[in-house]
Amino acid sequence: MWQAIAWAALGTGFTFLMTTLGAALVFFLDGEPRPRFQKAVLGFAAGVMTAASVWSLLLPAIEQAEAGPLPGWLPAAAGMLLGVIFLAALDGWLPRLRHPRADDAWRQDTLLMTAITLHNVPEGMAVGLAFALASGGEGLAGAAALALGIGIQNFPEGAAIALPLRQEGWPRRRAFAGGMLSGAVEPVFGVLVVGLAAWTQPLMPWLLSFAAGAMLYVVVEELVPQAHSRAGTCGFVTGFLMMMVLDVALG
(Lines give C-alpha, C1' and ligand atoms only; values in the text may rest on other atoms or scores of the structure.)
Protein backbone atom coordinates (compact mmCIF):
# COMPACT_ATOMS: atom_id res chain seq x y z
CA MET A 1 0.00 0.00 0.00
CA TRP A 2 2.73 2.47 0.94
CA GLN A 3 4.59 1.76 -2.26
CA ALA A 4 1.44 2.48 -4.28
CA ILE A 5 0.90 5.73 -2.35
CA ALA A 6 4.48 6.80 -3.01
CA TRP A 7 4.10 6.20 -6.73
CA ALA A 8 0.79 8.08 -6.79
CA ALA A 9 2.45 11.02 -5.01
CA LEU A 10 5.28 10.98 -7.56
CA GLY A 11 2.95 11.11 -10.57
CA THR A 12 0.62 13.76 -9.21
CA GLY A 13 3.56 15.76 -7.89
CA PHE A 14 4.72 16.20 -11.47
CA THR A 15 1.31 17.44 -12.66
CA PHE A 16 1.18 19.85 -9.71
CA LEU A 17 4.64 21.14 -10.65
CA MET A 18 3.42 21.91 -14.18
CA THR A 19 0.46 23.89 -12.81
CA THR A 20 2.92 25.82 -10.66
CA LEU A 21 5.13 26.61 -13.65
CA GLY A 22 2.11 27.91 -15.60
CA ALA A 23 1.09 30.14 -12.70
CA ALA A 24 4.66 31.49 -12.56
CA LEU A 25 4.04 33.36 -15.83
CA VAL A 26 2.68 36.24 -13.74
CA PHE A 27 6.24 37.11 -12.76
CA PHE A 28 7.03 37.96 -16.38
CA LEU A 29 4.34 40.67 -16.66
CA ASP A 30 5.56 44.23 -16.24
CA GLY A 31 3.52 47.28 -15.38
CA GLU A 32 -0.24 47.67 -15.41
CA PRO A 33 -2.05 45.54 -17.99
CA ARG A 34 -3.74 47.31 -20.88
CA PRO A 35 -7.49 46.71 -21.35
CA ARG A 36 -6.92 44.96 -24.69
CA PHE A 37 -4.41 42.58 -23.14
CA GLN A 38 -6.75 41.97 -20.21
CA LYS A 39 -9.54 40.92 -22.57
CA ALA A 40 -7.16 38.67 -24.47
CA VAL A 41 -6.12 36.95 -21.23
CA LEU A 42 -9.74 36.41 -20.18
CA GLY A 43 -10.51 35.04 -23.65
CA PHE A 44 -7.50 32.74 -23.43
CA ALA A 45 -8.69 31.40 -20.08
CA ALA A 46 -12.18 30.84 -21.52
CA GLY A 47 -10.75 28.96 -24.51
CA VAL A 48 -8.57 26.73 -22.34
CA MET A 49 -11.47 25.90 -20.01
CA THR A 50 -13.90 25.20 -22.86
CA ALA A 51 -11.55 22.80 -24.63
CA ALA A 52 -10.59 21.10 -21.36
CA SER A 53 -14.27 20.64 -20.51
CA VAL A 54 -14.85 18.72 -23.75
CA TRP A 55 -11.68 16.70 -24.32
CA SER A 56 -10.38 16.27 -20.76
CA LEU A 57 -13.69 15.81 -18.98
CA LEU A 58 -16.89 15.17 -20.95
CA LEU A 59 -15.54 12.76 -23.57
CA PRO A 60 -13.64 10.66 -20.98
CA ALA A 61 -16.75 10.70 -18.78
CA ILE A 62 -18.89 9.32 -21.61
CA GLU A 63 -16.26 6.71 -22.48
CA GLN A 64 -15.97 5.48 -18.89
CA ALA A 65 -19.74 5.50 -18.32
CA GLU A 66 -20.33 3.27 -21.34
CA ALA A 67 -18.72 0.41 -19.41
CA GLY A 68 -21.47 0.65 -16.77
CA PRO A 69 -25.17 -0.16 -16.74
CA LEU A 70 -26.32 3.31 -17.83
CA PRO A 71 -26.11 4.89 -21.30
CA GLY A 72 -22.81 6.75 -21.62
CA TRP A 73 -24.45 10.11 -22.14
CA LEU A 74 -26.63 9.95 -19.01
CA PRO A 75 -23.99 10.28 -16.25
CA ALA A 76 -22.15 12.86 -18.36
CA ALA A 77 -25.26 14.98 -18.89
CA ALA A 78 -26.47 14.64 -15.30
CA GLY A 79 -23.03 15.32 -13.83
CA MET A 80 -22.56 18.37 -16.03
CA LEU A 81 -25.96 19.72 -14.99
CA LEU A 82 -25.07 19.21 -11.33
CA GLY A 83 -21.82 21.11 -11.89
CA VAL A 84 -23.69 24.05 -13.42
CA ILE A 85 -26.22 24.05 -10.56
CA PHE A 86 -23.43 23.94 -7.98
CA LEU A 87 -21.58 26.91 -9.49
CA ALA A 88 -24.84 28.85 -9.94
CA ALA A 89 -25.67 28.27 -6.27
CA LEU A 90 -22.16 29.30 -5.27
CA ASP A 91 -22.50 32.39 -7.47
CA GLY A 92 -25.66 33.37 -5.63
CA TRP A 93 -24.17 32.64 -2.22
CA LEU A 94 -20.87 34.48 -2.61
CA PRO A 95 -22.30 38.03 -2.26
CA ARG A 96 -23.30 37.12 1.31
CA LEU A 97 -19.66 36.42 2.13
CA ARG A 98 -18.19 39.36 0.24
CA HIS A 99 -16.68 42.26 2.10
CA PRO A 100 -18.83 45.41 1.61
CA ARG A 101 -15.96 47.22 -0.07
CA ALA A 102 -15.16 44.40 -2.49
CA ASP A 103 -16.33 44.52 -6.10
CA ASP A 104 -17.59 41.94 -8.59
CA ALA A 105 -14.02 40.96 -9.44
CA TRP A 106 -13.87 39.13 -6.11
CA ARG A 107 -16.81 36.96 -7.12
CA GLN A 108 -15.38 36.24 -10.58
CA ASP A 109 -11.97 35.33 -9.17
CA THR A 110 -13.55 32.94 -6.65
CA LEU A 111 -15.66 31.22 -9.31
CA LEU A 112 -12.69 30.89 -11.67
CA MET A 113 -10.48 29.32 -9.02
CA THR A 114 -13.27 27.01 -7.86
CA ALA A 115 -14.01 25.74 -11.37
CA ILE A 116 -10.43 24.90 -12.35
CA THR A 117 -9.71 23.42 -8.92
CA LEU A 118 -12.72 21.11 -9.31
CA HIS A 119 -11.43 20.18 -12.75
CA ASN A 120 -8.08 19.14 -11.25
CA VAL A 121 -9.68 16.73 -8.74
CA PRO A 122 -10.61 13.91 -11.17
CA GLU A 123 -7.38 14.44 -13.12
CA GLY A 124 -5.36 13.92 -9.96
CA MET A 125 -7.40 10.81 -9.18
CA ALA A 126 -6.74 9.39 -12.64
CA VAL A 127 -2.98 9.95 -12.41
CA GLY A 128 -2.83 8.62 -8.86
CA LEU A 129 -4.63 5.41 -9.81
CA ALA A 130 -2.45 4.91 -12.89
CA PHE A 131 0.78 5.22 -10.90
CA ALA A 132 -0.53 3.07 -8.06
CA LEU A 133 -1.26 0.28 -10.54
CA ALA A 134 2.18 0.79 -12.13
CA SER A 135 3.88 0.34 -8.75
CA GLY A 136 3.65 -3.39 -9.35
CA GLY A 137 6.02 -3.09 -12.29
CA GLU A 138 3.48 -3.06 -15.14
CA GLY A 139 1.95 -0.14 -16.99
CA LEU A 140 4.59 2.39 -15.98
CA ALA A 141 4.94 3.72 -19.53
CA GLY A 142 1.21 4.32 -19.78
CA ALA A 143 1.08 6.01 -16.38
CA ALA A 144 4.04 8.23 -17.29
CA ALA A 145 2.40 9.18 -20.59
CA LEU A 146 -0.82 10.07 -18.76
CA ALA A 147 1.05 12.22 -16.23
CA LEU A 148 3.02 13.92 -19.01
CA GLY A 149 -0.15 14.67 -20.97
CA ILE A 150 -2.06 16.06 -18.01
CA GLY A 151 1.02 17.90 -16.78
CA ILE A 152 1.50 19.72 -20.08
CA GLN A 153 -2.20 20.55 -20.12
CA ASN A 154 -1.90 21.91 -16.57
CA PHE A 155 0.63 24.52 -17.65
CA PRO A 156 -1.89 26.74 -19.49
CA GLU A 157 -4.48 26.02 -16.80
CA GLY A 158 -2.18 27.44 -14.12
CA ALA A 159 -1.74 30.50 -16.30
CA ALA A 160 -5.51 30.64 -16.91
CA ILE A 161 -5.99 31.34 -13.20
CA ALA A 162 -2.92 33.37 -12.32
CA LEU A 163 -3.00 35.78 -15.26
CA PRO A 164 -6.65 36.91 -14.85
CA LEU A 165 -6.02 37.34 -11.10
CA ARG A 166 -3.07 39.57 -11.96
CA GLN A 167 -5.25 41.54 -14.39
CA GLU A 168 -7.70 42.17 -11.56
CA GLY A 169 -4.94 43.85 -9.57
CA TRP A 170 -3.74 40.99 -7.39
CA PRO A 171 -0.04 41.22 -6.43
CA ARG A 172 2.16 38.84 -8.40
CA ARG A 173 2.81 36.56 -5.44
CA ARG A 174 -0.87 36.24 -4.56
CA ALA A 175 -1.85 35.61 -8.18
CA PHE A 176 0.89 32.98 -8.41
CA ALA A 177 -0.32 31.35 -5.20
CA GLY A 178 -3.88 31.25 -6.50
CA GLY A 179 -2.82 29.49 -9.68
CA MET A 180 -0.49 27.13 -7.84
CA LEU A 181 -3.04 26.13 -5.18
CA SER A 182 -5.57 25.16 -7.84
CA GLY A 183 -3.26 22.28 -8.73
CA ALA A 184 -2.50 21.28 -5.14
CA VAL A 185 -5.66 19.15 -5.07
CA GLU A 186 -4.11 16.74 -7.59
CA PRO A 187 -1.54 15.13 -5.26
CA VAL A 188 -4.05 15.23 -2.38
CA PHE A 189 -6.79 13.36 -4.25
CA GLY A 190 -4.29 11.30 -6.22
CA VAL A 191 -3.02 9.78 -2.97
CA LEU A 192 -6.47 9.61 -1.36
CA VAL A 193 -7.98 7.67 -4.24
CA VAL A 194 -5.40 4.89 -3.88
CA GLY A 195 -6.89 3.90 -0.55
CA LEU A 196 -10.46 4.27 -1.78
CA ALA A 197 -10.10 2.87 -5.29
CA ALA A 198 -12.98 0.39 -5.01
CA TRP A 199 -15.44 3.14 -4.09
CA THR A 200 -14.23 6.04 -6.27
CA GLN A 201 -13.82 4.33 -9.64
CA PRO A 202 -17.60 4.07 -10.38
CA LEU A 203 -17.95 7.77 -9.58
CA MET A 204 -15.35 8.98 -12.08
CA PRO A 205 -17.81 9.73 -14.95
CA TRP A 206 -19.88 11.84 -12.57
CA LEU A 207 -16.84 13.66 -11.16
CA LEU A 208 -15.45 14.40 -14.62
CA SER A 209 -18.72 15.77 -15.99
CA PHE A 210 -19.44 17.68 -12.76
CA ALA A 211 -16.14 19.53 -13.17
CA ALA A 212 -16.96 20.19 -16.84
CA GLY A 213 -20.28 21.80 -15.93
CA ALA A 214 -18.62 23.99 -13.33
CA MET A 215 -16.01 25.19 -15.82
CA LEU A 216 -18.52 25.90 -18.57
CA TYR A 217 -20.65 27.94 -16.17
CA VAL A 218 -17.72 30.23 -15.43
CA VAL A 219 -16.85 30.53 -19.12
CA VAL A 220 -20.36 31.57 -20.18
CA GLU A 221 -21.31 33.59 -17.11
CA GLU A 222 -18.08 35.43 -16.35
CA LEU A 223 -15.23 35.18 -18.83
CA VAL A 224 -16.83 35.47 -22.28
CA PRO A 225 -18.93 38.59 -21.46
CA GLN A 226 -15.89 40.45 -20.11
CA ALA A 227 -13.61 39.28 -22.93
CA HIS A 228 -16.04 40.40 -25.64
CA SER A 229 -13.76 42.12 -28.16
CA ARG A 230 -11.55 41.18 -31.09
CA ALA A 231 -8.62 40.66 -28.71
CA GLY A 232 -10.80 38.49 -26.49
CA THR A 233 -11.95 36.43 -29.46
CA CYS A 234 -8.35 35.88 -30.58
CA GLY A 235 -7.42 34.88 -27.04
CA PHE A 236 -10.33 32.44 -26.88
CA VAL A 237 -9.42 30.78 -30.17
CA THR A 238 -5.75 30.57 -29.15
CA GLY A 239 -6.55 29.00 -25.79
CA PHE A 240 -9.10 26.61 -27.29
CA LEU A 241 -6.77 25.42 -30.04
CA MET A 242 -3.82 25.01 -27.68
CA MET A 243 -5.83 22.95 -25.20
CA MET A 244 -7.51 20.90 -27.94
CA VAL A 245 -4.18 20.00 -29.54
CA LEU A 246 -2.66 19.08 -26.18
CA ASP A 247 -5.61 16.91 -25.20
CA VAL A 248 -5.83 15.10 -28.52
CA ALA A 249 -2.11 14.73 -29.16
CA LEU A 250 -1.23 13.62 -25.64
CA GLY A 251 -4.36 11.58 -24.96
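I started with Thr19, which is found in helix α1. I noted that the model is a predicted one.

Is Thr19 buried or exposed? I looked up its relative accessible area and got 1%. Buried means under 20%, so Thr19 is buried.

Next I listed what Thr19 touches, leaving out residues up to four places away in sequence. I found Asn154, Gly158, Gly179, Met180, Ser182 and Gly183.

Then I turned to the helix itself. I checked α1 (residues 2-23) against α7 (residues 185-195). Their axes are 8 Å apart, and the helices pack at an angle of about 155 degrees. Angles over 145 degrees count as roughly antiparallel, so α1 and α7 are roughly antiparallel to each other. I also noted that their crossing is right-handed.

Which residues make the contact? From α1 I wrote down Ala4, Ile5, Ala8, Ala9, Thr12, Thr15 and Phe16. From α7 I wrote down Glu186, Pro187, Gly190, Val191 and Val194. I sorted the residues of this contact into eight nonpolar, three polar and one charged.

My last entry is Asp109. I placed Asp109 in helix α4, which covers residues 104-134. Its relative accessibility is 3%, so I count Asp109 as buried. Not counting residues up to four places away in sequence, Asp109 touches Leu165, Glu168 and Trp170.

How many residues apart in sequence are Asp109 and Gly178? I got 69. In space, I read 9.4 Å between Asp109 and Gly178, C-alpha to C-alpha.

Note on methods: Residues are numbered from 1 along each chain as its sequence is written. This is a predicted model: local features need pLDDT of at least 70, side-chain atom pairs count only at pLDDT 80 or more; totals for chains, interfaces and linings use all residues. Side-chain values use heavy atoms; hydrogens and water are left out. Helices (H or I, at least four residues) and strands (E, at least two) are DSSP runs, numbered from the N terminus. Buried means under 20% relative accessible area, exposed over 50%, partly exposed in between (1.4 Å probe, protein chains only). Contact means heavy atoms within 4.5 Å. Axes are lines fitted to C-alpha atoms, for helices over the stretch in contact, and angles run from 0 to 180 degrees between N-to-C directions. Angles under 35 degrees count as roughly parallel, over 145 as roughly antiparallel, 65 to 115 as roughly perpendicular and the rest as oblique. A crossing is left-handed if the near helix is turned anticlockwise from the far one by less than a right angle, and right-handed if clockwise. Ala, Val, Leu, Ile, Met, Phe, Trp, Tyr, Cys and Pro count as nonpolar, Asp, Glu, Lys and Arg as charged, and the others, Gly among them, as polar.
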